[in-house]
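Here are a few exercises to work through with the model open beside you. Try each one before you read its solution.

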Amino acid sequence: MYLKHLLATWALLLSIILASAQQTITINGVVKDSLAVPLDVATIAIVTKNGSGLAFTNTNQQGVFSCKLQTNDNSLSIKVTAMGYEQKIVPISSYTSQPYTIILKKKVNLLKEVKVTSLKKVSLVSDTLSYNVKAFKEQNDRVIADLIGRLPGIKIDDKGAISYNGKPISKVYLDGDNLLDGRYKLATNNVPVNAVEQVQVIERDQPIKALNGYTVTNNVALNLKLTDSAKAITINTGHAGLGNSAYSGEFNNMFFKSKNKSINNLKANNVGENLEHENADVGVSSNNETILKKAAPFLSITSSELPSLDEKYYLMNNDFAGNINALFKLKSDWTLRMNVATLQLKRRYNFNNSVNYFLNRDTVRYTEIQNHLHRLNQWQIQSQIEKNSNAIYVKSLTKLDLPTWKKNGSTIQNDQELTQNLPTQYLSVSNETVVIKALGINNILQYNGLTQYYKLNERLETAPGLHENIINNNKSYLFLAQQTQTKNTFIDQAITFKTKFNKFILSTAIGLSYNGNLLTSNLYKTDSLHVTSAVGDRFKNDVIFNNLGLLGKASATYLLKKGVIIAEVTPTFNFIDYDSKTDFIYKKNRYFSLNPSIDFRKNLGRYSEINFRYLKQTTFGEVEDIYPGSILVNYREFNFNETPLPITNNNSANVRFSYRKPLAMFFYNLNLGYDKTQQNFINSFEIDNGLTKSTAINFKNTAKKYALGGSISKYLYFASLNIMANANTSLQRGFNFYNNEILPFNVKSIATALTVRKKIFNKITVSVSGEFSRFINEQSTVNGKTVNTTNIEKLKSTWQHQLNQKLSYNVAYNFTLYKQKLQQPMHNVFLDMNVKYAPTKWKSFFEFQCLNLITQKVYKQINSTSNQLLVFDIPLRDRTFLLKYSFTF
């Protein structure tokens, strides 16, 4: 006992002696950046020679820090770290009260490779599934779209639209902010992969706070959760590339602060990258959202379908695009968003077509050779002010769209040559306003207003004069000019009251919708004396069309345990009047429709869900469906109408079962759909030696479609193997009306696809995709049944090899085969190669791209319908070499 007390006393005395030998010191200072701006994000540590920390603190808003400690160590240092800046260590020369001034330099290391040895790939919290970017990232990934397309359960199509477990994505957020709305390709195609920490799937996306508890959404959105370093600095990326008659360049400027975000870029190329897709609105609309009207052009200079082939092989283009996209968070939950975009496009199209129509008593054949040049000058401006709080939601979105197309070219049809010119001018301006206000605890009042005006001018000129027997009493003439102008005013207004109690959410609404159209058109001929005159009144239109709809809406939502039932009815009274001044036709129409729908959604356990939706909807024709005067819509087709107001009744039912087990990275879905469409008209076609006359006539027309499809995705951890597969089949039944004869048809289709992606030795990645499609088109005639069967087989494989830290390459092989019983098989083969050299510690790299190495000259394709077989070929781009330098700073 005595010994224990003696040792304790000795230890206490020793600690007192050591403490008295140390001195208390204070280290003061200020931290600034290279522009002398104080940094309030710096961490201060007083460290020993071997790096051990003795004391810690942070800088305040003025960048000042102060740190006290007791020590007798004369070899201490100040270690300063701040996100987005280079770390700095400053030796402490003497323990004085003199403050230290420490300057930090900015640091950009977004492209620096980080080797991760053990990461949790996915996590699930509530309705949000998070993919860890570092766990899926590969060395050759440049932008986040490169990675998203490989994530289990997620798919990106050829146009950049994203879907999750078979459901389309509505929006892509940047750290929860909606910068781009449905034009999210500007984010996925430009945000560097190293700037993103997680890709999050929000399965029940409902961003309006005031509607929480009042609506049950089924929208799916993505959120790109950014890294801390991406939030602290401005990101600048781009590339410049030159090759054999080829160029490509881009510059991207991005910053993602908490209070403001921006993505700005300039891009240009002539290597087949279609920048029109960059600005495309690929996001799906929200539930019950009113959509802007889009002007459907009446006229065209070509009727060919584009090939099902990557545009980089055939698009002869010179494209320029510029974008400014900025979002500012203001006080009191207000945000301001600006989006400005311009497109300057120039592209050439060349087609050779062979068209066969199989009719009751005859087969009509003709050939075409088309060579066209298209130019586009477009400006788009959007401005949105929004307040999003729990008590009130306010949004005002104004859009301006100004595209101008100039299309011209030459066409040879059945050895007859003609030239065409089609300038098109379009203007659309709109405003959407939404106000949602909480009334007490369980009630809200909502106002939705949409106003739009657009105008479209078109003029199609063809030379020499066509169809002399129809236009000019079998006499030749110089050229023909078809002119159309459409003006449209669209107004949609509604007020909604919602209340909730127990497990019910009830909603009632009243509103009106007005759609006013004005169509004027005329056909002009110029004779051999250069005298221009109108062809005649039967080729003239002066039509006023008005559709006023008074609507109500009643909706009842019943909340189940892990599910919901939504029953809705939208009774609408439509007053539709139209007046054709040239034909002295004046019609008044009054229609009442209920438009009921029912939704049922239920979670079956933790991982699966079943959805059922039934919808009955009545829609009415517009001015483009009732004009009586003939319009030359293209060089070989006249259209006009001999029908009452078109009415379409659609009954659709869809059942969807989805399963996802995120932690096992296993996803699949099944879809069963049925559509029945009843119309009071049918399009009647008269075909004679390449000339088509299309007339909408009175006819009870019913079409049915049955569809079954599904997809599956699985990642095998033990084999580093990703497997994706999908299959779809459908049957469609209806009627065609050609040359005054009703022709029933059946269209059967089946399509399957399988993709396997495997990583080997962490250096090589192999991907193989196979697709098979079969289309069986059956048409009944007086002579029996005509059957066209087309098989399409596709194979795509890629080999990616990381030779070392600096050098990598990949090889891509594409094969397509078309087989049709009346034609010889058509093979198309492509081979591409890409070599990348990334010097160590550089924030840039070099790429050498080789496109179409085997130099396939022509792409051949077969398209068939129930009574038509179209065989066309398109010349391809020559073998292209491009040397690119990509940079980040």
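**Exercise 1.** What volume does the largest cavity have?

Before the solution, some ground rules: this is a predicted model, where local features need pLDDT of at least 70 and side-chain atom pairs pLDDT 80 or more, while totals for chains, interfaces and linings use all residues. Numbering runs from 1 along each chain as its sequence is written, and side-chain values use heavy atoms, without hydrogens and water.

*Step 1.* On a 1 Å grid over the protein atoms alone, a cavity is a set of points where a 1.4 Å probe fits but cannot get out; points join across faces, edges and corners, and the volume is the space filled by probe spheres set on them.
*Step 2.* The largest cavity comes out at about 130 Å³.
*Step 3.* Its lining (residues with an atom within 4 Å of a point) has 14 residues, and Arg-142, Thr-237, Gly-238, Phe-887 and Thr-888 are the closest to the centre.

**Exercise 2.** Is Glu-432 buried or exposed?

*Step 1.* Find Glu-432 in strand E22, residues 416-439.
*Step 2.* Its relative accessible area is 18%. Buried means under 20% and exposed over 50%, with partly exposed in between (1.4 Å probe, protein chains only), so Glu-432 counts as buried.
*Step 3.* Now look for contacts (heavy atoms within 4.5 Å): leaving out residues up to four places away in sequence, Glu-432 touches Lys-395, Ser-396, Leu-397, Gly-449 and Leu-450.

Methods
Helix = DSSP H or I, 4+ residues; strand = E, 2+ residues; numbered from the N terminus. 1 Å grid on protein atoms, 1.4 Å probe; cavity = no way out; pocket = protein on both sides within 12 Å on 5 of 7 lines; lining within 4 Å.
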